[in-house]
Amino acid sequence: EGIEIEGQPFDLVQYCLKGPPELKNHTLTVYEQPLIFVCSLALWEMMNPQADAVLALSFGEWTAVVVVGCLDFKAGLLAALKRGELTAKAGGSSLLLTALPKLKIGKIRRFCKLAGDLWLTNINSPYQGVLAGRIRNPDGLIAALQKHFPEMRVRPFDIGGAFHSPLMEEARCQLKDYLEEVNFQSPRIPIICNATGEAETDPKKIKKLLLRQTAARLDLRKTARKLPDGTILQEICLP
C-alpha cells in the first residue's frame, strides 16, 4: 500500500524478523496493534467457534468487526494500522491494578482526580483494572497508590499509551476522519460493543461506538451483567 511510518516502509514481516526500526515520534503500538489484529484473526479461524454474538475487549473490538463481517481483512488491517499510528503518538502510559478493591472504585477515581491527568480507564473485572494518563513519576505514583490501597497490587503496564483516556481524544477525531471513507457492512451476527455493552447490528452505529471507545472508559463488569442468563462464553485470548 506504500505506507510509511516516520519515512520508513511499514513492514510487519521485517519487524517480526529483525525487530522494530528506531522511532522518534511513535511508540511500538504502531507495529503491535496490527500484529495483534492478525494473530487474533488467526486464532479465531483455527478455533472456528460457533457464536451467536461476539464480544472483544479494547483493541480486540477492531478484530471483532472483521470476524462478524463489517469489514474484510484488508480494510480491517489498514484500520488497525491507522489506529496504531494515531494512538502511538498520543503519549501517556498505564498501570495495571490487580486485587482491585471491590468496593473502592469510587475512591480510586477520586485519587485519580486529585492526582490530575490520571484516569481509571478500564475495569476488566471486580479485581482488575487499568490506570492511565500522564504518569511522570511511575515509582512515586505506585508508592502512593499502595499507601492508600495496601491490598492492591500495582505495576507498569507496557501498552504504549494512555488508552481509553481523554489523552486519546485527538487520535479519536483523526481516526473518525479516516473511517469516513471506510464502509461498514451489516454484521452476520451481532457484536457486543464495549462503549455500551449492548449487542448491535447497525453498521453505522457499530462504527460510531468503535470510535467512541478509543477515548472512553471500558467497564467489562457492566457488559457482563447485561448478558442473558444462561449465556455460554468461549474465550479466545492472546497469551
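1. L55 has I192 of strand 8 as its bridge partner. Strands here are DSSP E runs of at least two residues, numbered from the N terminus. Strand 3 (54-55) and strand 8 (residues 191-192) run parallel and are joined by 2 bridges.

2. This is a predicted model: local features need pLDDT of at least 70, side-chain atom pairs count only at pLDDT 80 or more, and totals for chains, interfaces and linings use all residues. Residues are numbered from 1 along each chain as its sequence is written, and side-chain values use heavy atoms, without hydrogens or water.

3. The open sheet holds 3 strands in the order 3-8-9, with mixed pairing. Strand 3 and strand 9 (199-200) are its edges; each has a single partner strand, so one side of each lacks a neighbour in the sheet. Pairing requires at least two DSSP bridges between two strands.

4. The protein chain has 9 helices and 10 strands in total. Helices are DSSP H or I runs of at least four residues.

5. The radius of gyration of the protein chain is 18 Å, which agrees with the value near 18 Å for a compact globule of 239 residues. The radius is taken over C-alpha atoms; the rule is 2.2 Å times the number of residues to the power 0.38. The C-alpha trace spans about 50 × 50 × 30 Å along its principal axes.

6. Of the 239 residues, 44% are buried (under 20% relative accessible area, 1.4 Å probe, protein chains only). Contacts are heavy atoms within 4.5 Å. Among contacts between residues at least 6 apart in sequence, 69% join residues at least 24 apart.

Key
Buried means under 20% relative accessible area, exposed over 50%, partly exposed in between (1.4 Å probe, protein chains only).
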